[in-house]
Structures are given as C-alpha cells and as structure tokens.
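Good morning, colleagues. Please look at the sequence and the model on the screen while I go through the helices, the hairpin and the charged side chains.

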Amino acid sequence: MDLSQFAKALESIDIHALNKRIAGDECHFLESDINQFTPVDTGNLKSRNNVIPEADGSILITNDADYAQEVEYGHRKANGGFVEGQFFVKKGIDQWQRGFSERYINELNRELKSKGIG
C-alpha cells in the first residue's frame, strides 16, 4: 500500500461513528467499575447507577437516588459533624480510565485492519 492508498483508507474511517460505537460499548465497563465502588446498605444506591451513551459520543453518568451526591461528596450531619464522601463514581471512573486506552487502541486497530491498514 502506497502513501496515497494509506491516506484514502484513513479518510474512509468515520471517526465520529467509531467514537459513538466505542462510547456505547464502554458504558458497560464504566457502569461495572462504578458499581464495584458503590457502597451497599440496601442496594438502592447501586441499582440506580446508570451509564448512558449520548448521541454525540459522550457518556452520561446518572444516579437518581436522593442521597447519591451526599454519599459521593460527603455531607454535614445534624449535630455539626461531617460524613466523608465515598467518591464511588470518581473511583469507578479512575479504574475505567486505566483500561480504556488499551480497549480504544484495540478497537481502532480493528477498524484500520478492516480498511486494509495494519
């Protein structure tokens, strides 16, 4: 493959569509990693974690439990004390990011191979 063929093959990749597909695939990994760090008493908080691929290729993380933010960031108690945050979402994102680069590169390589590159 000469350089012009290589350039044409690269141009044929719809990187936006690829990123959207990867974001959809990554939601499973991200939700699993967040769930791993979500503290469990009744299971309500964990069951309300939701990771959704957005149309623009981004990922939305939600939890509609009314106390989710207090558990994540901490909160003041009625007696003036403070309950430290658990940072379960942050910890899950941090763990997910450690594996994301390798998964992204693998997916990009598959796409390149399908175009005759690599």
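I shall begin with the basis of the model, and then take the elements in turn.

This is a predicted model, in which local features need pLDDT of at least 70 and side-chain atom pairs count only at pLDDT 80 or more, while totals for chains, interfaces and linings use all residues. Residues are numbered from 1 along each chain as its sequence is written, and side-chain values use heavy atoms, with hydrogens and water left out.

Let me start with helix α2. Helices here are DSSP runs of H or I with at least four residues, strands are runs of E with at least two, and both are numbered from the N terminus. Helix α2 covers residues 15-37. Its 23 residues reach 32 Å from the first C-alpha to the last, close to the 33 Å expected at 1.5 Å a residue; the expected span is 1.5 Å times one less than the number of residues. A kink of about 35 degrees is centred on glutamate 26, where the bend is the angle between axes fitted to the seven residues ending at a position and the seven starting there.

Which residues of α2 are buried? They are Leu18, Ile22, Ala23, Glu26, Cys27, Leu30, Asp33, Ile34 and Asn35. By buried I mean under 20% relative accessible area, by exposed over 50%, and by partly exposed anything in between, with a 1.4 Å probe and protein chains only. The buried residues of α2 pack against α3, β1, β2 and α5.

Helix α5 comes next, at residues 88-114. It has 27 residues and spans 38 Å between its first and last C-alpha, close to the 39 Å expected at 1.5 Å a residue. This helix bends by about 35 degrees at glycine 99. Its buried residues are Phe88, Gly92, Trp96, Glu107, Glu111 and Leu112. Among the elements that cover them are α1, α2, α3, β1, β2 and α4. After α5 comes glycine 116, with a positive phi near 85 degrees.

The strands can be described briefly. β1 (49-53) and β2 (59-63) are among the elements covering α5, and they pair in the antiparallel sense over five bridges; pairing requires that DSSP finds at least two bridges between two strands. Proline 53 stands opposite isoleucine 59 in β2. The two strands form a hairpin with five residues between them, and glycine 57 in the turn has a positive phi of about 95 degrees. Glycine 57 and arginine 21 are 36 residues apart in sequence, yet 7.7 Å apart in space, C-alpha to C-alpha.

I turn now to the charged side chains. Side chains of opposite charge can pair when their charged atoms come close. How many salt bridges does the structure hold? There are six, a salt bridge being a side-chain nitrogen of Lys or Arg within 4 Å of a carboxyl oxygen of Asp or Glu.

In one of them, glutamate 107 meets arginine 21 at 2.6 Å, N to O. This pair links distant parts of the chain, with glutamate 107 in α5 and arginine 21 in α2, 86 residues apart. Glutamate 107 is buried at a relative accessible area of 15%, whereas arginine 21 is partly exposed at 37%. Not counting residues up to four places away in sequence, arginine 21 touches Glu107 and Glu111, contact meaning heavy atoms within 4.5 Å.

Another salt bridge joins glutamate 26 to arginine 103, with the closest N and O atoms 2.6 Å apart. Glutamate 26 lies in α2 and arginine 103 in α5, so this pair ties together parts that are 77 residues apart in sequence.

Being four residues apart in the helix, they are separated by about one helical turn. Lysine 90 is partly exposed at 44% relative accessibility, as is aspartate 94 at 28%. Salt bridges that share partners also join Arg21, Glu107, Arg110 and Glu111 into one network.

Finally, consider aspartate 33, which lies in α2. Aspartate 33 is buried yet has no salt bridge, and the nearest side chain of opposite charge, arginine 103, is 5.4 Å away. For charge, Lys and Arg count as positive and Asp and Glu as negative, while His and the chain ends are not counted. Leaving aside neighbours within four places in sequence, aspartate 33 is in contact with Gly92, Gln95 and Trp96.
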